[in-house]
Amino acid sequence: MRARVSARDRQGCVRATLAGAALLASAMAASAQTTVTLSAPATQVVYATLRGGTYANTNIGTLLETRSATDTSYERHALLKFDTETTIPLGSNVTSAVLTMTVKDASPAPTRRIAAYQITQSWTETETTWNKRRVGQAWTTTGGDLGGQVAVQSVSNVVGTHVRFDVTSLVKAAVSGSLGSSRYTRIALIDLDAPTSESYRAYYTPDDVAANRPSLAITYGGAAAQTVTAATGSTLRVLQYNVHHGGIGTDGVYDPNRVADWIVKANPDIVSLVEIESQDSYDSGSGVAQYQAMLQQKTGVTWYALDIQDYGDWTSPGIRNAILSKIPFSASYRHEYSTGRDRTVGGITVAVNGRHINVMSTHLDPYDEANRTAQVSQLVSYATGFAEDRIILGDFNALPYSSEVTTFTKAYYDGWAEAAKVGIQQSAPDNPNGYTRNGRIDYVFYSRGEQYLTLKSVQVVDTRDARGIMPSDHRPVLAVFSVK
């Protein structure tokens, strides 16, 4: 029986995509580079294969296989867990991390696209199955709880072929400890191509000869560059704003400049923008880049951007959310919900007053309550893969008393409702209930497990001009937190 890596390997981060170019370095100089290769069985890496259907409750602890199939009895996901917690010093500046796999057996298909994903929850190699991550604890989603996709490679059917996945972003986030208490790196390999009887791939395991074992080569040097927070110090100002197809006002005029002016007046550190448009009938360019440029021009400071396409086709045209931040972020991530009309969530990790805060943005199904309910359930599960403290912003298309929101507030505080309890909510005199659009459907939520956030105020911003015209059919919501 193979030994567990560590009992401390609890829920950790999902895929974190580094925004390294955006980090502001401290004066600390990096030390010489060190490269370590993790491949030793049991002590440095453990593994398992998940197989569905009639094998859904069977632990397959001696194989590493991938296969795409219409019958889940044939589908396989390969899991690996590397000890980057005890082998890489906390705070090390990871500059490269490459996972190498070697093909051991294959069916005739010449190539298959295999993706490396972050596994968002801990699992026990001698107990995990398609249904459970360990005895008595089910996966939230059968087949493994996946975070974002980290890398994709074409894998041939030639035995002995080495396949290398660049997983630097994932390992850097895991090693930094910024996304969870566990600093282990957990990876799933999954076949992305269409199901076929020829999709099978098997890989040498850590128990095979050393030259063929899965290995994770990590290069690091000294302490990681320290992020510099915004000038607000221990205060964090976040803004949620649905900008109506990029900036169509209540007068029917498309004018993003008006929206940007109101954002500048609100003076947020981080803004969640919903209903940005890119390369479509509303905006022929990139709406995210346009807003980023406008805010930089109007404020004279650098803004960092995360583009979150609504349907999970991250580089495709169309409607999307964006997170824009004055604070450089150490990581970013995106996830597509699996139920109903395609919708997504994205987030960033920032450092404020020495604390790591995860800020997420989402836009739930506008048409179907059942879809929203399912999306809320998935959002709660997905977000638990990220460390406290968490702030979730978005247009939920649901009123505060709806089942969707009341379900969500079992895990998260509703900023406006909490502010109203102690009289720190603000809105226009004709809008005492803080409506954002025919009711209150835009929210600033923060996690009930938070340790460092204190809500100071919440304001539904009155964006009417002298004629009563607003630059969007939604009003923005501004929340101010102190971070201790």
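Let's start just after helix α1, where Gly177 takes a positive phi of about 75°. Helices here are DSSP runs of H or I with at least four residues, strands are runs of E with at least two, and both are numbered from the N terminus.

A word on the model. It is predicted: local features need pLDDT of at least 70, side-chain atom pairs count only at pLDDT 80 or more, and totals for chains, interfaces and linings use all residues. Residues are numbered from 1 along each chain as its sequence is written, and side-chain values use heavy atoms, with hydrogens and water left out.

Back to α1, residues 168–176. Eight of its nine residues are buried, so the helix is largely enclosed by the rest of the structure. Buried means under 20% relative accessible area, exposed means over 50%, and partly exposed is in between, with a 1.4 Å probe and protein chains only. Among the buried residues are Thr168, Leu170, Lys172 and Val175.

Now the cores. A nonpolar core is a set of buried Ala, Val, Leu, Ile, Met, Phe, Trp, Tyr and Cys residues joined through side-chain atoms within 4.5 Å. The largest has 30 residues. Leu80, Leu99, Phe165, Val167, Leu189, Leu216 and Ile218 touch the most other members. Strand β5, residues 92–106, gives this core its largest share, five residues. A second, separate core has 28 residues, including Ile308 and Leu453.

What is Ile218 in contact with, leaving aside neighbours within four places in sequence? Contact means heavy atoms within 4.5 Å. The partners include Thr34, Val36, Ile88 and Val94. Val171 is one of them too, and Val171 is also one of the buried residues of α1.

Next, the rings. Rings of Phe, Tyr and Trp (its six-membered ring) pair if their centres lie within 6.5 Å; planes under 30 degrees apart count as stacked, over 60 as edge-to-face, and the rest as tilted. The count comes to eleven aromatic pairs. Take Tyr446 and Phe481: they are edge-to-face, 5.2 Å centre to centre, with 75° between the planes. Tyr446 lies in strand β24 (442–447) and Phe481 in strand β26 (477–483), so the pair ties together parts that are 35 residues apart in sequence. Both Tyr446 and Phe481 are buried. There is also an aromatic cluster of Phe396, Phe408, Tyr412, Tyr443 and Phe445.

The rule: NZ of Lys or CZ of Arg is within 6 Å of the ring centre and within 35 degrees of the ring normal. Lys81 lies over the face of Trp123, at 4.8 Å from the ring centre. Arg355 lies over Tyr452, at 3.8 Å.

Some backbone points. The peptide bond from Glu388 to Asp389 is cis, with omega near 5°. Asp389 sits in the loop between α5 (369–383) and β21 (390–395). His245 is not a glycine, yet has a positive phi of about 55°. His245 is in helix α2, residues 244–247. Asn438 has phi near 50°. Asn438 lies in the loop between β23 (425–426) and β24. Is Asn438 buried or exposed? Exposed, at 70% relative accessibility.

Last, the cavity search. On a 1 Å grid over the protein atoms alone, a cavity is a set of points where a 1.4 Å probe fits but cannot get out, and lining residues have an atom within 4 Å of a point. One cavity of 30 Å³ or more turns up. The largest cavity has a volume of about 50 Å³, volume being the space filled by probe spheres set on the points. Its lining includes Trp416, Arg440 and Tyr443. Strand β24 gives the largest share, three residues.

Definitions and conventions. 1 Å grid on protein atoms, 1.4 Å probe; cavity = no way out; pocket = protein on both sides within 12 Å on 5 of 7 lines; lining within 4 Å.
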